[in-house]
Amino acid sequence: MEPFFTTKGIGQGTGLGLSQVYGIARQSGGDVRIESSAGRGTTVRILLREAGRAARPDGNTAIDPSSLSQLDQGPLGSVLVVDDDEDVRGIFVAGLEAYGYRVYEAADGPAALHVLEQGMTMDVAVVDFAMPRMNGAALARAARRLQPGLPIVFASGYADTAAFEAVPDATILRKPIQIAELADAVRRTLRIGAA
């Protein structure tokens with residue numbers, strides 16, 4: 001379950017697969033069990049809570065699913081989620097929507113810029129760093145030319161911390177990320193931007 005552990009070569013995987021499975025299970029109030037024995041193989045069991053009972057966003061005590069939605073109070077803000085991994089992007093989008101944010105998504109930098117070029121004003125952008133076609137820092141700079149002062153939250157497994165210095169006022173979260181942690185970072189970023 002250790003993040004970034006992989007036996008694959010460079011560019012063939014991030015070593016986040018089991019960490020993501022574990023994170024999703026824990027956020028759902030469940031757990032993961034792995035049993036492995038030589039000559040017999042490996043069994044992975046994903047244990048999830050009973051249907052109809054939602055986990056709190058922090059993965060602890062069960063709560064009423066209707067309390068997750070704050071849409072009756074109106075969106076808390078507009079968030080652009082940019083990640084080339086469709087599964088990770090989907091989890092981030094669903095999680096932030098459950099917290100009451102209006103969420104837009106893009107699979108890479110050029111797609112994110114297209115959203116902003118349409119005149120969509122975002123309150124914050126959640127951006128992966130290592131993406132094809134345009135890395136997160138290049139996207140952040142280009143996005144701020146279209147929307148000056150756009151708050152950036154990097155949600156990345158990229159290890160080179162010096163690369164993030166191109167956007168010195170960005171918030172940096174390391175994958176794997178709990179949805180509650182992401183939502184808290186977005187909330188704090190919006191609070192700082194409003195100050």
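## Helix α3 and the sheet

In this predicted model, helix α3, which spans residues 109-117, lies across strands β5 and β6 and runs at about 155° to β5. Both strands belong to an open sheet of five, arranged in the order β6-β5-β7-β8-β9 with parallel pairing. The edges of this sheet are formed by β6 (102-106) and β9 (171-174), each of which pairs on one side only, and the twist from one strand to the next averages 20°.

## Helix α2

Helix α2, made up of residues 86-98, also packs on the sheet, where it touches β5 (78-82), β6, β7 (124-127) and β8, and its direction makes about 170° with that of β6. The 13 residues of α2 reach 18 Å from the first C-alpha to the last, which is close to the 18 Å expected at 1.5 Å a residue. Its buried residues are Val 88, Arg 89, Phe 92, Val 93, Gly 95 and Leu 96.

At the start of α2, the backbone nitrogen of Asp 87 has a side-chain oxygen of Asp 85 within 2.9 Å, while after the helix comes Gly 100, with a positive phi near 105°.

In soluble globular proteins, nonpolar side chains tend to be buried together. Here the largest nonpolar core comprises 24 residues, of which Leu 80, Val 82, Val 127, Leu 139, Ile 152 and Phe 154 touch the most other members. At least two residues of this core are supplied by each of β5, α3, β7, α4 (136-146) and β8, and the largest share, five residues, comes from α4. With neighbours within four places in sequence left aside, Ile 152 is in contact with Ala 125, Val 127, Ala 140, Arg 144, Val 167, Ala 170 and Thr 171.

Another core, of 21 residues, lies apart from the largest one and has Val 88, Val 124, Val 153 and Ala 155 among its members.

Although 159 residues separate Gly 17 from Pro 176 in sequence, the two are 9.5 Å apart in space, C-alpha to C-alpha.

Note on methods. Residues are numbered from 1 along each chain as its sequence is written. This is a predicted model: local features need pLDDT of at least 70, side-chain atom pairs count only at pLDDT 80 or more; totals for chains, interfaces and linings use all residues. Side-chain values use heavy atoms; hydrogens and water are left out. Two strands pair if DSSP finds at least two bridges between them. Helices (H or I, at least four residues) and strands (E, at least two) are DSSP runs, numbered from the N terminus. Axes are lines fitted to C-alpha atoms, for helices over the stretch in contact, and angles run from 0 to 180 degrees between N-to-C directions. Contact means heavy atoms within 4.5 Å. A nonpolar core is a set of buried Ala, Val, Leu, Ile, Met, Phe, Trp, Tyr and Cys residues joined through side-chain atoms within 4.5 Å. Buried means under 20% relative accessible area, exposed over 50%, partly exposed in between (1.4 Å probe, protein chains only). The expected span of a helix is 1.5 Å times one less than its number of residues. A polar contact is a pair of N or O atoms within 3.5 Å; within protein, one must be able to donate a hydrogen and the other to accept it, and residues adjacent in sequence count only if both atoms are side-chain atoms.
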